[in-house]
Amino acid sequence: MATEGDLPFVYSSWYKAHRPFQKHVANEEYADGHNARMRRLVSDSNVLVAYSADVPDEILGYAVIEGDACHFVYTKAVYRRMGIASGLVQGHCRYYTHWMGEQGRSFAEAVGLTYNPYRLDRERTE
């Protein structure tokens, strides 16, 4: 699980990685809307973090998971293709809620996730 010290990295990397898929949204609206969405999702979700055994302060990747929905999964570029993201989401998730590029969609398909953006709109009381 993420610690308070992990959250700045989670927010920063998620914000930057998702921005290209929302390029039609003006910068101010993206900043306001995406920051609010990330805060809400993180507060309602489990944030699973993979750390390096050799360097315990090194975050390798993380997944933001609410119920059976993965809101975001990220692995640092240098650690990709090592099974980190798969290990974080497999067995935990059935859906992904944010649009991804080709690489992300290939990953989702490989681990058996289905795109369902409406999981973002679920009643917050579940």
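## Nonpolar cores

The largest nonpolar core holds 18 residues, and those with the most contacts inside it are A63, V73, L88, V89, C93, F107 and L113. A nonpolar core here is a set of buried Ala, Val, Leu, Ile, Met, Phe, Trp, Tyr and Cys residues joined through side-chain atoms within 4.5 Å. Two or more residues of this core come from each of β1 (46–51), β2 (59–66), β3 (69–75), α3 (84–89) and α4. Helix α3 gives the largest share, four residues. Helices (H or I, at least four residues) and strands (E, at least two) are DSSP runs, numbered from the N terminus.

A63 is in contact with N46, V47, L48, F72, V73, L88 and V89, leaving aside its neighbours within four places in sequence; contact means heavy atoms within 4.5 Å. A second, separate core has 14 residues, including L7, V49, Y62 and Y74.

## Basis of the model

This is a predicted model, in which local features need pLDDT of at least 70, side-chain atom pairs count only at pLDDT 80 or more, and totals for chains, interfaces and linings use all residues. Residues are numbered from 1 along each chain as its sequence is written, and side-chain values use heavy atoms, with hydrogens and water left out.

## Cysteines

The whole structure contains zero disulfides, a disulfide being a pair of cysteine sulfur atoms within 2.5 Å. For C70, the closest cysteine sulfur is that of C93, at 4.7 Å, which is too far for a bond. C70 is buried at 3% relative accessibility, and C93 is also buried, with a relative accessible area of 10%. Buried means under 20% relative accessible area, exposed over 50%, and partly exposed in between (1.4 Å probe, protein chains only).

## Salt bridges

There are four salt bridges in the structure. The term covers a side-chain nitrogen of Lys or Arg within 4 Å of a carboxyl oxygen of Asp or Glu. One of them joins E58 and K76, at 3.0 Å from N to O. E58 is in the loop between β1 and β2 and K76 in the loop between β3 and α3, so this pair ties together parts that are 18 residues apart in sequence. E58 is partly exposed, at 22% relative accessible area.

D68 and R94 form another salt bridge, with an N to O distance of 3.9 Å. D68 sits in the loop between β2 and β3, and R94 in the loop between α3 and β4, so the pair ties together parts that are 26 residues apart in sequence. D68 is buried, with a relative accessible area of 18%. Within helix α4, R105 and E102 are three residues apart, about one helical turn, and their salt bridge has its closest N and O atoms 3.2 Å apart. R105 is partly exposed at 25%, whereas E102 is exposed at 55% relative accessible area. Salt bridges with shared partners join D68, R94 and R119 into one network.

## Surface patch

F21, W99 and Y115 form a nonpolar patch on the surface, with about 270 Å² of accessible area together. Patches are made of residues with over 30% relative accessible area and no salt bridge; like charges are joined within 9 Å, and nonpolar side chains (Val, Leu, Ile, Met, Phe, Trp, Tyr) within 5 Å. Accessible areas come from the Shrake-Rupley method with a 1.4 Å probe, and for residues only the protein chains shown count as cover. W99 lies in the loop between β4 (95–96) and α4 (102–110) and is partly exposed, at 39% relative accessibility.

## Glycines in helices

G87 is placed in helix α3 and is exposed, with a relative accessible area of 53%. Its C-alpha atom is 9.5 Å from that of V111, which lies 24 residues away along the chain. G33 belongs to helix α2 (residues 27–44) and is partly exposed, at 39%.
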